[in-house]
There are 2 protein chains.
Amino acid sequence: MDYQVYEPEDFVVRSGLTLRNARLVYKTYGVLNEDKSNVILYPTRFGGTHVDNEYLIGEGMALDPTKYFIVVPNLLGNGLSSSPSNTSIPFDRSRFPQLTVHDNVLLQEKLLREVFGIEEIALVVGWSMAAQQAYHWAALFPDRVKRLAPIAGSARTSPHNYVFLEGVKTVLITDPEWRGGWYDKQPQAGLRAMGRVWAGWALSHEFYRKHMYLDLGYSSLEDYLVAYWEAVYLKRDANDILAMIWTWQHADLSDNDIFNGDYEAALGAITAKTIVMPGRTDMYFPPKDSAIEVGLMSNAELRVIPSIWGHYAGGPASADDVSFVDTALKELLSSNDLMMERLDYCRASSN
Amino acid sequence: MDYQVYEPEDFVVRSGLTLRNARLVYKTYGVLNEDKSNVILYPTRFGGTHVDNEYLIGEGMALDPTKYFIVVPNLLGNGLSSSPSNTSIPFDRSRFPQLTVHDNVLLQEKLLREVFGIEEIALVVGWSMAAQQAYHWAALFPDRVKRLAPIAGSARTSPHNYVFLEGVKTVLITDPEWRGGWYDKQPQAGLRAMGRVWAGWALSHEFYRKHMYLDLGYSSLEDYLVAYWEAVYLKRDANDILAMIWTWQHADLSDNDIFNGDYEAALGAITAKTIVMPGRTDMYFPPKDSAIEVGLMSNAELRVIPSIWGHYAGGPASADDVSFVDTALKELLSSNDLMMERLDYCRASSN
C-alpha cells in the first residue's frame, strides 16, 4: 500500500446524509517544513488516483518534493476514497450518497487541519475535475490559498459539459446488465459503449485528423477504440463512474451557504495569484469559458496550452504540455518563494 | 403523396449487391426550361426528407422555383428512398446493403438522365450529408456540374467525425432490444440514449452556454433533452438510422474506380465554381477541415457561417444563417445567370 488513509468517524455531506467511516485516501510527497508554509495541494481527476498525478511531481520540477510538501487527496468515488464499490451497506452501490466537489473540499480541509495542522496552502493545483476542486478551495478559503492553478477545468460545469456527461451516463445505465446499480458483475456492454462514446469527446478533431493514435502505438482507429477506450472503462466500476459523473455534473463553486449560487461573487472572492490553463482544443472546458472565469477573478491570468490533445492538454501524454504547465507552475511558485525569502529575512532581522 | 418515385429495375451497388426495384423518392420544384440549363440538384441530409430542405426554396430566394428546376432526391436509407424499413425480403432490415454516397450519386444521376434527360447541372447544393453528396457529384461529373455549394459538410468523413458516429451507433446497438436488427418493435431505450448522446454533438458549447434551448421554447435543459432529442430519435427506424450512419462514416469522394482513394486528385478534379460554407462552431465538420479541402480545389472559396448553432449552422433554425447561405447561393448563381445571358447573346448573334 503506497498511500495513507484518513477516516473521520462521521462526515455529514451536503445532501444531508452522513458518510460513516468516510475514507479519504491520500499520498504525500516531500516533508512539511516547520512553519508549514510549503504545502501544495494537488487533488486527483475523474477516474484517476494519486498515481496518475505523479507525472508533474519530481526533483527539479515545479512540484519538487525536496522543497514542497505535496498532498494528493483522492477524489471521492474513485474507488480508493469512499466510493459505491467500497462502502458498506446500507450506503453501498446505488445508495452511495451524491457527493459534491464542495464535499470533497471540506473533507480535504479536515484532513489537512486535523492530521497535519495545516492552515495555509502555497498552491492548489489540479487537472480537469481536480481543477474544479482547486477553484472551490480558492473561493471557499481565500485567506488560506495563496496560489491557484486550474488546468483544463472550470469553476462550474457548463451546460454543454453537462450534456456530454449526460450522454455517457445514459449509455452506461441503458445496459440492462447495470440492473439499477445492483449488478453482480460489471455491465460489460455498457462500459464498452461508454468508452467508445467517450473517445470522441476526450481527444480533439486535430488529434484524429493527424491519426495520432497510430503514434501512440495502436495499429488502427478501431484498435485504439477497443484497446484503449473500451479497456479503460472495463477496468472501472460502473457505480463508481456514475458517482464521479454526478459530482462533475453538479460542480459549482457557488453552490454552498457562502455564495448561495452567486457564481460571480464566488469567483470574485478568489484572491489567490492564479494562472488558468485551458487546452486550446479542449471540448469539455474550452478556453473561451476559462476567459470568462478569468475575467471575473481579481488576480488571474489566462494561459492557453497550445495543445492538440483535446481535453488531455496538460496531461502526461504530451511532453510539450507537461513542460508548458511546469513552467507556469514554477513561475507561480517563484513569487511564493520570494515571499518566503522575505519572511526569512524578517525573522532573521528581528532576532 | 407530395413526391415522385423513381424505380429502376436493377441497381447494382458498390458492395456488389443488387438493389432490385430500387426506390429513389424525389420532389421537384419549378419547371425545367427548354435547353435544360436551369437545373439545381439539392439532395437531402441524414435523417431528413425533401420536406426538410424546403426552408431554402422559395420565390425571391436563391433557390427560386420560378427560375430554376430544383430536384430534391431523398437519401437512401432515409425511410422514403430504399431503406432497411421499406425493402422486401431478403434485403430488408439488417440485410439491407451497405450503401455509399457514391451509390446515392450514381442513382441520382440515373434519375436525372433517364427521367428528365438532364446532363448539365447549374448548381449542386447540400447541407451536411447532402454536402458530401454534392462534393461527390462535382468530382465524379466535373464537366456537368457548373456550381457547387457544400454547407456544413465534407468531401470525406474525418476520423473524428467517424468516431463520433461510432459512438452514437454503439449506443443504439448496445440495447438488447435492437436484437441485431430483427426487432418487432423499435428499441426504445437505445433510440432515446442515442438522442441524448447526439445532443452534445449537434449544438455548440456556446449554444448551451447561452441556454438557447430556452429560446426554442423548452422549459429546461432536461426538457430539451427529452422533448427534442429523445423524441427525434424515437420517430426514426433503428435500422434506417444505422444504414445512414454507415453511409456517412464511409463517405469519401475518392473511394471509387476513378480516383482509387486519391483524395487530393478527387478534390483537384472539381472544376465547378464553389463556395464552401462550414459553420464556425460545427464539431462534425470544423472550418479548418473545410479550409484544407478548399485548398485542394481549383475554383473554391471558403465562407465560414458565423453561427453559434454548431452543426445546425446553415439550417432552418437561424434566420441569420439562412440569409447568409441564401446570399452566397445568389452570388454563385448570378455568375451562372451571366453565363446564360452570354449564351443567349451568342445565340441571338448567330441567328
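Predicted model: local features only at pLDDT ≥ 70, side-chain atom pairs only at ≥ 80, totals over all residues.
Figure 1. B:V125 belongs to strand 7 of chain B, residues 123-127. Is B:V125 buried or exposed? B:V125 is buried, because its relative accessibility is 0% and buried means under 20%. B:G195 lies 70 residues from B:V125 along the chain. The C-alpha atoms of B:V125 and B:G195 are separated by 27 Å.

Figure 2. Strand 6 of chain A covers residues 69-73. How many of its five residues are buried? Five of the five are. On one side sit A:F69, A:V71 and A:P73; on the other sit A:I70 and A:V72. Both faces of the strand are covered. Strand 4 of chain A, residues 24-29, runs antiparallel to strand 6 and is joined to it by four bridges. In this pairing, look for A:Y26, whose bridge partner in strand 6 is A:P73. Strand 5 of chain A, residues 39-41, pairs with strand 6 in the parallel sense. Three bridges link strand 5 and strand 6. Here A:L41 has A:V71 as its bridge partner.

**Figure 3. B:N256 in a loop of chain B.** B:N256 sits in the loop between helix 9 (238-249) and helix 10 (263-268) of chain B. The relative accessible area of B:N256 is 2%, so this residue counts as buried. Which backbone oxygen does the side chain of B:N256 reach? It is that of B:L253, at 2.8 Å. Set aside residues up to four places away in sequence, and B:N256 touches B:R14, B:H102, B:L140 and B:G261.

**Figure 4. The contact between chain A and chain B.** Each chain takes part: 37 residues come from chain A and 37 residues from chain B. The size of an interface is often given as the accessible area lost when the parts come together. Between chain A and chain B, the buried area is about 2900 Å². Carbon and sulfur atoms give 72% of this area. In chain A, the residues that lose the most area to chain B are A:H160, A:V163 and A:H205. Together these three make up 22% of what that side buries.

Figure 5. Polar contacts link 12 residue pairs between the two chains. Several helices of chain A each supply at least two residues to the side that touches chain B, including helix 5 (188-202), helix 6 (205-209) and helix 8 (221-234). Which helix of chain A gives the most to this side? Helix 4 does, with nine residues. The chain A side divides into 19 nonpolar, 10 polar and eight charged residues.

**Figure 6. A:T170 meets chain B.** A:T170 lies in helix 4 of chain A. With a relative accessible area of 9%, A:T170 is buried. Beyond neighbours within four places in sequence, A:T170 is in contact with B:A193 and B:R196. The side chains of A:T170 and B:R196 make a polar contact at 3.3 Å. Within chain A, the side chain of A:T170 reaches the backbone oxygen of A:E166 at 2.6 Å. A:W309 is 139 residues from A:T170 in sequence, and their C-alpha atoms are 25 Å apart in space.

Terms used. Residues numbered from 1 in each chain as written. Chains lettered and ligands numbered in written order. Heavy atoms only, no water. Contact = heavy atoms within 4.5 Å. Buried area = accessible area lost by both parts, 1.4 Å probe. Polar contact = N/O pair within 3.5 Å; in protein donor to acceptor, adjacent residues only side chain to side chain. Nonpolar A, V, L, I, M, F, W, Y, C, P; charged D, E, K, R; others polar. Buried < 20%, exposed > 50% of the residue type's maximum accessible area, 1.4 Å probe, protein only. Pairing = 2+ DSSP bridges.
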